[in-house]
Amino acid sequence: MKYATERKIVIITRQTRAGELAKKFNNLTQAAYYVEAMGGDIGEYMDESNAYKGAVAASRSRLQGLARVQLIDREHVPNFIFGGDDIVIVIGQDGLVANTMKYLDGQPLVAVNPDPTRYDGVLLPFGIEDVLHIVRDVIGGRRRRKDVTMAAAELNDGQSLLAVNDFFIGRQTHVSARYIIKADGKEERQSSSGIIVSTGLGSSGWLKSVVAGAKGIAEIIAGCEMPGEAIAPSPGWGGDYLLYSVREPFPSKTTGTSLIFGTVKETPIRIVSQMPEGGVIFSDGVEQDYLQFNSGIEATISVAAKKGSLVV
């Protein structure tokens, strides 16, 4: 079959909640029995799953005459080798966009909202009906792209990881993380619930919730209200600096609370683990894909050399 372009289209998909339940309970019948026995409604899961599968099938059907199309599930993305000329389409929620982008190297990423009635889709500007003409525009060089700054974590044992939204540095369990933080020419031993290092893209997510909580507590203590939309200063998606925030730092005779919020620009932030076990660094909310961060390991967090390329 002769295609309009030699470039390959890679569609990234994810497992639906119904699919995850079927996997857990061996099949949908047993999954439905469990959900309904607990007072839930399996119909909600099935409606969501059918809508998603329909969106994927419709996108694939529209694109098959244009180029070679390959479907890849999100669990295979870390080990998939993308071609330098591939056009990548993500069909899913915002998190799937972030978790795909960090494995690309400049390939255009088209983010598609499969179900606007369910997902707000901050990173999903396009609908299924847009897919064909957007990809045609990308092939013809008529579509603008937006650079997305990523964060990089480099450990002194050779491990490394990228983040599109943010890094979490702390403990696997809900106990205090112990470490030494080095930022802004200062150094401090800390005990906290962990550190969030966020990109501009991620500053409206986890970081925003951390800062919003701290802001609310400060307002209550101060006995006044300070309304405002700007929860945290965002560098924008392409801004070449990161923001860090320490969660619930604990002041004591041996731990401080002076380095709790700031920016990471030309000079990286460095964190030295003082946790014998259970220390981790993970990115973009994917706890399963983590770096071990135990005693003696030093992490250097900086702006990544490469950027994501989101089609807009």
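Strand β8 (residues 177-183) pairs with β13 in the antiparallel sense over four bridges, where strands are DSSP runs of E with at least two residues, helices are runs of H or I with at least four, and both are numbered from the N terminus; two strands pair if DSSP finds at least two bridges between them. Strand β13 (residues 269-273) is also joined by four bridges to strand β16 (residues 298-311), with the two running antiparallel, and here I271 stands opposite A299 in β16. Four of the five residues of β13 are buried, which leaves the strand mostly covered; buried means under 20% relative accessible area, exposed over 50%, and partly exposed in between, for a 1.4 Å probe and protein chains only.

Before going on, note how the model is read: residues are numbered from 1 along each chain as its sequence is written, and side-chain values use heavy atoms, with hydrogens and water left out. Because the model is predicted, local features need pLDDT of at least 70 and side-chain atom pairs count only at pLDDT 80 or more, while totals for chains, interfaces and linings use all residues.

An open sheet is built from six strands in the order β12-β11-β10-β7-β14-β15, with antiparallel pairing. Its edge strands are β12 (261-264) and β15 (290-292), each of which pairs on one side only, and the twist from one strand to the next averages 20°. Strand β11 (residues 242-246) pairs with β12 in the antiparallel sense over four bridges, and Y244 stands opposite G262 in β12.

Strand β7 (residues 166-171) of this sheet contains F168, which counts as buried at 5% relative accessibility. F168 forms one aromatic cluster with W206 and F282. W206 lies in helix α6 (residues 206-222) and F282 in strand β14 (residues 279-283), so the pair ties together parts that are 76 residues apart in sequence. W206 is partly exposed, with a relative accessible area of 27%, whereas F282 counts as buried at 9%.

A search of the whole structure finds five aromatic pairs; rings of Phe, Tyr and Trp (its six-membered ring) pair if their centres lie within 6.5 Å, and planes under 30 degrees apart count as stacked, over 60 as edge-to-face and the rest as tilted. Among these pairs is the edge-to-face one of F80 and F82, with 4.8 Å from centre to centre and 80° between the planes. F80 and F82 are both buried.

Rings can also face a charge, which sits over a ring if NZ of Lys or CZ of Arg is within 6 Å of the ring centre and within 35 degrees of the ring normal. The charged end of R14 sits over the ring of Y52, 4.7 Å from its centre, and the charged end of K265 sits over the ring of Y241, 5.3 Å from its centre.

Finally, helix α3 (residues 42-63) packs against helix α5 (residues 131-139) at an angle of about 45°, with their axes 9 Å apart. That makes α3 oblique to α5, since angles under 35 degrees count as roughly parallel, over 145 as roughly antiparallel, 65 to 115 as roughly perpendicular and the rest as oblique. Axes are lines fitted to C-alpha atoms, for helices over the stretch in contact, and angles run from 0 to 180 degrees between N-to-C directions.
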